[in-house]
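Dear colleague,

Here is the structure I said I would pass on. My notes on it come after.

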Amino acid sequence: LEYDEEEIKKRDRVVADRIFDFPSVWDGDYSFFHYLNDSEKRGQHSLFVKARGKGASFKSASLGNRNYFLIPGSKSFYAASDKQFLVSDGVLNKSWDMMNFIDKNTPWTKRRQFKDTIFHKKASYESVIGNKRIESGYKSEIMGVSIKNDPDRLRGKRGKLLVIEEGGNMKELKRLWNIARSGMESGKTT
């Protein structure tokens, strides 16, 4: 292949690779996480609307991992209208990549003997007491839910985190939100 270097310079483009390493933190990232933290402390929900290519899926994937590694018994849900938004280079794939990176590069590794699938991971392991098989460990979980035009699939899901991925692509987003909200609130607590 021949490349016209002048044409490349006009486009002002450079070649980029995705690098798996500890992330750089940008002002926008700080504001995003500060906003979420502030909302959580006030018992409020958050909505994040943004342009493409701003790293929202990576930030969202990190939220579930934060809960998974730091909050015992927590449940984090990722919902999308179609499983492609979860696993085909979706938010769950990003979450699993981060989870593996954390397991490999930090002392916070968690075993996943009871649930370790493409849609569900649980920080637990088997221990035996007497002749009984017992589930032990942190027991925090990350789960993906494909809505498939049926918002009722989120009914009864209770957790610390619910991320609705590609919400702008959902025909029944308002109904989904009303169903999911009841699982994220209990009386005055969120």
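Predicted model: local features only at pLDDT ≥ 70, side-chain atom pairs only at ≥ 80, totals over all residues.

Residues are numbered from 1 along each chain as its sequence is written, and side-chain values use heavy atoms, with hydrogens and water left out.

The structure holds 13 salt bridges (a side-chain nitrogen of Lys or Arg within 4 Å of a carboxyl oxygen of Asp or Glu). One of them pairs Asp152 with Arg175 at 2.9 Å, N to O. This pair links distant parts of the chain, 23 residues apart: Asp152 is in the loop between β6 (141-146) and β7 (161-164), and Arg175 is in helix α6 (residues 173-184). Helices (H or I, at least four residues) and strands (E, at least two) are DSSP runs, numbered from the N terminus. Arg175 also bridges to Glu172 at 3.1 Å, N to O. Salt bridges with shared partners join Asp152, Arg155, Glu172 and Arg175 into one network.

Glu172 also lines the largest cavity, along with residues including Ser81, Ile147 and Leu176. That cavity has about 50 Å³ of space. A cavity is a set of points on a 1 Å grid over the protein atoms alone where a 1.4 Å probe fits but cannot get out; lining residues have an atom within 4 Å of a point. Grid points are joined across faces, edges and corners, and volume is the space filled by probe spheres set on the points.

Regards

Key. 1 Å grid on protein atoms, 1.4 Å probe; cavity = no way out; pocket = protein on both sides within 12 Å on 5 of 7 lines; lining within 4 Å.
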